[in-house]
Amino acid sequence: MGNVERLVESPFPARWSDNWVIDMRRWQDHLTFGRPISSGDQSSDGSDEIILSGMVISGDDLLVHPGYVCLKGGRIKEVGQERTRMEEHIIAPALVNSHTHLADGLSKDPPYAPLSQLVGPGGLKHRLLESASCEELRSSMRSAALEMLDGGTCAFADFREGGPSGVSLLLDALHGLPLISRIFGRPDPGGTDIHPDCFGLGLSSTRDHPWEWVKRAAVAARSRGMHLAVHAGESGRDDIESALSLQPDLLIHLTSATPADLEKVAGTGASVAVCPRSNLATGCGLPDISAMVGLGINVCVGSDNLMLNSTNLFREMELISKALLHDDRQVFKMCTLNGAKALGLEQEIGSIEVGKAARIMVVSASSRNMKGSRDPLASLVRRAEPSDILAVF
Ligand SMILES: [Zn+2]
């Protein structure tokens, strides 16, 4: 167990999950594919190196090659190409979930209903949030965060309601977990104060709020150097124009956007987080991701509302690849580097590059599910499940 404990200590300061320890036990069985951590492998400054070998998906272009990745001090020290006996391991950048509502997991999988009845003002979501205790919310968000880690996600962007105290609750739920969070908070009704640890202001459709308040809240967020994210074009296109007038950094959904709308979006440079499983659950149709990509929009992916969807990005990737894009490389990029860009993290995570943070997942290509794969990237996108993950750094 000595190796296991040191692996746990090396990337992260604390044990954050029983599952992590279990994963590490599974991992230990595979240590022969890389050099296990031992005193002989310690570098001169005393920090440990971890060497992973297998089929590496490296660089911003997601090139697949046999080789190795050397991690040291929590960063990627070296990426090499060489033949390996361990091609049944896929070494890939960890995933980025660009849009979640983690607090909405208190009543999962309600009856299908129109969007307005589920998440609109006064809808099921808001009634549940109002009646939930702080501990129920904290516990639900903690479970969702652990689920994301189990699913290979290293960073996420959450829309957190409930004003500054709602954000404090989420920060409490995330305590000690190695997840990079970008929280888009919301002021208390009528106010403009956002929790200072927020990355930005996150608004539901502009039609859900008094327009004068929306403008004041956006100006206040900007004056504090915060980003702005807005739901738009989810159940109709009538809120797209007003959302664009706020000059947002990130738009969510755009399911109903016309080609002309998308051209305007492309002209602003805003990123777009698409959430197709959510759109299907609410009957809103599907976004034209192909057109978005063609216009050069930075398209990223979110699992959206936890009431409607798990945080499992593998399911999201399979749907997008098979139903909407037929381009596995582009889909994987949306869930890694594009997500990192949308959250201002592209210098740190999103691809396997020397100098970036060691945010990597190792996926088995020899599990019952993955065995027989001839294309690691295609299988990762179209078939892989969290249960195929051997370890997440
Ligand atoms: Zn949303």
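Two bridges join strand β5 (95-101) to strand β13 (304-305), and the two run parallel. In this pairing, the partner of histidine 101 in β13 is asparagine 305. Strands are DSSP runs of E with at least two residues, helices are DSSP runs of H or I with at least four residues, and both are numbered from the N terminus. Two strands are said to pair if DSSP finds at least two bridges between them.

The model is predicted: local features need pLDDT of at least 70, side-chain atom pairs count only at pLDDT 80 or more, and totals for chains, interfaces and linings use all residues. Residues are numbered from 1 along each chain as its sequence is written.

The protein has 15 helices and 15 strands. Of its 393 residues, 49% count as buried. A residue is buried if 20 or more other C-beta atoms lie within 10 Å of its own, exposed if 12 or fewer do, and partly exposed in between, with C-beta atoms placed from the backbone. Two residues are in contact if their C-beta atoms, placed in that way, lie within 7 Å. Among contacts between residues at least 6 apart in sequence, 64% join residues at least 24 apart.

Strand β5 belongs to an open sheet of nine strands, whose order is β12-β11-β10-β9-β8-β7-β6-β5-β13 and whose pairing is parallel. The edges are formed by β12 (299-301) and β13, each of which pairs on one side only. Within the sheet, β5 is mostly covered, with seven of its seven residues buried. Strand β6 (153-160) is likewise mostly covered, with eight of its eight residues buried. These two strands pair in the parallel sense over four bridges. Asparagine 97 stands opposite phenylalanine 156 in β6, and valine 96 has alanine 155 as its bridge partner. Alanine 155 also stands opposite isoleucine 180 in β7, and six bridges join β6 to β7 in the parallel sense. Further along the sheet, β9 (residues 227-232) and β10 (residues 250-253) pair in the parallel sense over four bridges. There, alanine 229 has leucine 250 in β10 as its bridge partner.

Helix α12 (residues 313-325) lies across β5, β6 and β12, and runs at about 135° to β12. Such angles run from 0 to 180 degrees between N-to-C directions, and the axes are lines fitted to C-alpha atoms, for helices over the stretch in contact. In helix α6 (residues 163-173), the buried residues are Val167, Leu170 and Ala173. Seen down the axis of α6, these residues fall within an arc of 115°, so they line one face of the helix. The arc is that of the directions from the helix axis to the C-beta atoms. An α-helix has 3.6 residues a turn, so residues three or four places apart point the same way. The cover over the buried residues of α6 includes α5 (134-150), β6 and β7 (180-185).

Glutamate 49 stands opposite lysine 72 in β2. The two strands form a hairpin with four residues between them, and glycine 59 in the turn has a positive phi of about 75°. Strand β1 also pairs with β4 (residues 89-93) in the parallel sense over two bridges, where methionine 55 has isoleucine 90 as its bridge partner.

The largest nonpolar core contains 105 residues, of which Ile91, Leu251, Val272, Ile360 and Val363 touch the most other members. Helix α5 gives the most to this core, with six residues. Domain 1 (2-93 + 351-392) and domain 2 (95-342) both give residues to the core, so it lies between them. The domain bounds come from an automatic or database domain assignment. A nonpolar core is a set of buried Ala, Val, Leu, Ile, Met, Phe, Trp, Tyr and Cys residues joined through C-beta atoms within 7 Å. Not counting residues up to four places away in sequence, leucine 251 touches Val230, Ala232, Ala243, Val265, Ala270 and Val272.

Two aspartates have a positive phi. Aspartate 109, in the loop between β5 and α3 (115-119), has a phi near 60°. With 10 C-beta neighbours inside 10 Å, aspartate 109 counts as exposed. Aspartate 304, in strand β13, has a positive phi of about 65° although it is not a glycine. Aspartate 304 is buried, with 31 other C-beta atoms within 10 Å.
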